[in-house]
Amino acid sequence: MIKVMIADDQELIRESLQVVLNMNADMEVVGIAENGRELLAKVKKTVPDVILMDVRMPEIDGVMATKEVKETYPQIKIIILTTFDDDEYVYNALKYGASGYLLKGVSVPELSAAIRTVASGGSILTPNVMTKVVKLFNQLAQSNLTVENEDADAKILSRTERNVATLVGRGLSNKEIAEKLSLTGGTVRNNLSAALSKLNLRDRTQLAIWAVQTGLAAEETT
């Protein structure tokens, strides 16, 4: 059973999501919150598997709530829900560890599928979303919006790990990376995991940010 928590400042959205998600046999909404502060208090009591997080809320917004949750409960997965096409919000939420974002107009089946995906350790950075995110990374790479490990030296990576990191930074999927580097899918996954471990990064999204900020994403694979 996937335990889901919903944080949204609009009561209608909170209640509607609670009803439709509880209709899934493999999901249970264990709490709802109208702002980030209330969410953080309730997370301590229920420790959900997945949080649906509104990006704009009073007191503590979804971006900062994401940061707080992931620092204390790194295993909790977070999906950002927004009605806004707000680049900076999206960038920061992903930087702090969100597994992806969805617009609030998404269908119930798509939302349910996204919850299952992140609960199983995946992300919902679809190709369209990833293209947008990589563009944001490039635009913001020289700003103060950086990941903590931006100074990590790419020289600690093996040649294959470096090539994989380069292509992750360009938004390629594992399958596309495997094809471009003539590797198996398993080899790509193993090198991706190794790169994350060496760089002390949390996930693929942070690796993509790091690759762009260090200039690795702009280099040619060798």
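This is a short tour of four helices, α7, α8, α9 and α10, in a predicted model.

Start by selecting residues 159–169, which form helix α7, and residues 174–181, which form helix α8. Two packed helices are described by the angle between their axes and the distance between the axes. Here the axes come within 10 Å and cross at roughly 130°. An angle over 145 degrees would count as roughly antiparallel and one from 65 to 115 as roughly perpendicular, so α7 and α8 are oblique to each other. Their crossing is right-handed.

To see what makes the contact, show the side chains of Asn163, Val164, Leu167 and Val168 on α7, then those of Ile177, Lys180 and Leu181 on α8. Sorted by class, this contact has five nonpolar residues, one polar and one charged.

Next, select residues 185–199, which are helix α9, and pick out Asn191 within it. Is Asn191 buried or exposed? Its relative accessible area is 13%; the cut-off for buried is under 20%, so Asn191 is buried. Now show Ser158, Thr160, Glu161 and Val164: Asn191 is in contact with these residues, leaving aside its neighbours within four places in sequence. Val164 also belongs to the α7 side of the contact with α8.

Move on to residues 204–213, helix α10. Nine of its 10 residues are buried, so α10 is largely enclosed by the rest of the structure. The buried residues are Thr205, Gln206, Leu207, Ala208, Ile209, Trp210, Ala211, Val212 and Gln213.

Definitions and conventions
Residues are numbered from 1 along each chain as its sequence is written. This is a predicted model: local features need pLDDT of at least 70, side-chain atom pairs count only at pLDDT 80 or more; totals for chains, interfaces and linings use all residues. Side-chain values use heavy atoms; hydrogens and water are left out. Axes are lines fitted to C-alpha atoms, for helices over the stretch in contact, and angles run from 0 to 180 degrees between N-to-C directions. Helices (H or I, at least four residues) and strands (E, at least two) are DSSP runs, numbered from the N terminus. Angles under 35 degrees count as roughly parallel, over 145 as roughly antiparallel, 65 to 115 as roughly perpendicular and the rest as oblique. A crossing is left-handed if the near helix is turned anticlockwise from the far one by less than a right angle, and right-handed if clockwise. Contact means heavy atoms within 4.5 Å. Ala, Val, Leu, Ile, Met, Phe, Trp, Tyr, Cys and Pro count as nonpolar, Asp, Glu, Lys and Arg as charged, and the others, Gly among them, as polar. Buried means under 20% relative accessible area, exposed over 50%, partly exposed in between (1.4 Å probe, protein chains only).
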